[in-house]
Every structure is written in structure tokens, then in C-alpha cells.
Amino acid sequence: MKKKILLVGLHPDVVDFTAFPHLTHQKLTHSLQLQAQSLRDLGFDACWCLVDLGETAEAVVRAALDGQHYEVVLIGAGVRTIPARFELFEKLINLVHEHAPRSKICFNTSPDDTQQAVLRWTAAPAAD
């Protein structure tokens, strides 16, 4: 069975790109897809759980965690590094702590280092 990885981040539709001047909606969307695929290529069962700015974010993450065991839950830089998102970050950390207490938690610094963040906390599955 593949190790499951949950990647939590802001949906590109709600990102304030002025906070990330090197990113655009298109670049972020593409990078999110590439990072998930790179983890799947390593043998993980990885998927993004993209959330809004708080209106439904907790419910969306709770639903993703419900009844699942994830080796690692990553919370993305868009949630974690913007001061205006600090309360959302705390809420999501507490949700993961409550609903996935055995999962490792990690953080990326940009969409491009998601794989490295996950690999800090779990080894890639052995090839079949």
C-alpha cells in the first residue's frame, strides 16, 4: 500500500499574488500539479487539498482527513507565511493534530520544494 501524503494549500483562485511577486495563477497551478506528480512518481499516494481563505477551509481539510491515515501532512507556505493567514494556519494545525495525530507535519517554503519537505519526514516507498 502506498504511503499517503496530504498537501494542504491555498487554492490559486484565492491567492494574493502581490505577496508572491514571482508567482502567477498559472505558474502556481502548474507548480502544484508538478509537485504532486513528483511525489506520485516516487511511489507516494499524494494529493492536494486546496482551501479558501477560511470560510470553508476547516471543513474541507477535516473531510480530507476523515477516515484516512496520512504518513505526512504538508501545510503550504501560502497559509503559513502570510501574517493575515496566521489564524487560518493555527486552525489547520490544530485540525491535523486532532484528526491525524500519528501523521508527521511538514512545511514547504514555496510550491517548488514540496517534495523536499515531504522527504524530510518519510522515505520514498521502495520500488516494486
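Me: Hi! How many cavities of 30 Å³ or more does the structure hold?
Reply: One. Keep in mind that this is a predicted model.

Me: OK, how much space lies in that largest cavity?
Reply: About 180 Å³. There are 14 residues lining the largest cavity, and the closest to its centre are Leu-28, Leu-32, Ala-77, Gly-78 and Pro-111.

Me: Which elements give two or more residues to the lining?
Reply: Strand S1 (4-10), helix H1 (25-41) and helix H3 (77-80) do.

Me: And what classes of residue make up that lining?
Reply: The lining of the largest cavity has nine nonpolar residues and five polar ones, with no charged residues.

Me: Switching topic: where is Leu-65 found?
Reply: Leu-65 sits in helix H2, which covers residues 57-65.

Me: Is Leu-65 buried or exposed, and why?
Reply: Leu-65 is buried, because its relative accessible area is 1% and buried means under 20%.

Me: What is Leu-65 in contact with, leaving aside neighbours within four places in sequence?
Reply: Its contacts are Leu-6, Tyr-70, Val-73, Leu-95, Val-96, His-99 and Ala-100.

Me: Now the whole chain, please. How many helices and strands are there?
Reply: The chain has five helices and four strands. Starting at the N terminus, their order is β-α-β-α-β-α-α-β-α.

Me: What does the radius of gyration say about the chain?
Reply: The chain has 14 Å, which agrees with a compact globule of 128 residues, since such a globule would have a value near 14 Å.

Me: Last one: what share of the residues count as buried?
Reply: Of the 128 residues, 41% do.

Conventions:
Residues are numbered from 1 along each chain as its sequence is written. This is a predicted model: local features need pLDDT of at least 70, side-chain atom pairs count only at pLDDT 80 or more; totals for chains, interfaces and linings use all residues. Side-chain values use heavy atoms; hydrogens and water are left out. On a 1 Å grid over the protein atoms alone, a cavity is a set of points where a 1.4 Å probe fits but cannot get out, and a pocket is an open set with protein on both sides within 12 Å along at least five of seven lines; lining residues have an atom within 4 Å of a point. Grid points are joined across faces, edges and corners, and a volume is the space filled by probe spheres set on the points. Ala, Val, Leu, Ile, Met, Phe, Trp, Tyr, Cys and Pro count as nonpolar, Asp, Glu, Lys and Arg as charged, and the others, Gly among them, as polar. Buried means under 20% relative accessible area, exposed over 50%, partly exposed in between (1.4 Å probe, protein chains only). Contact means heavy atoms within 4.5 Å. The radius of gyration is taken over C-alpha atoms; the globule rule is 2.2 Å times the number of residues to the power 0.38.
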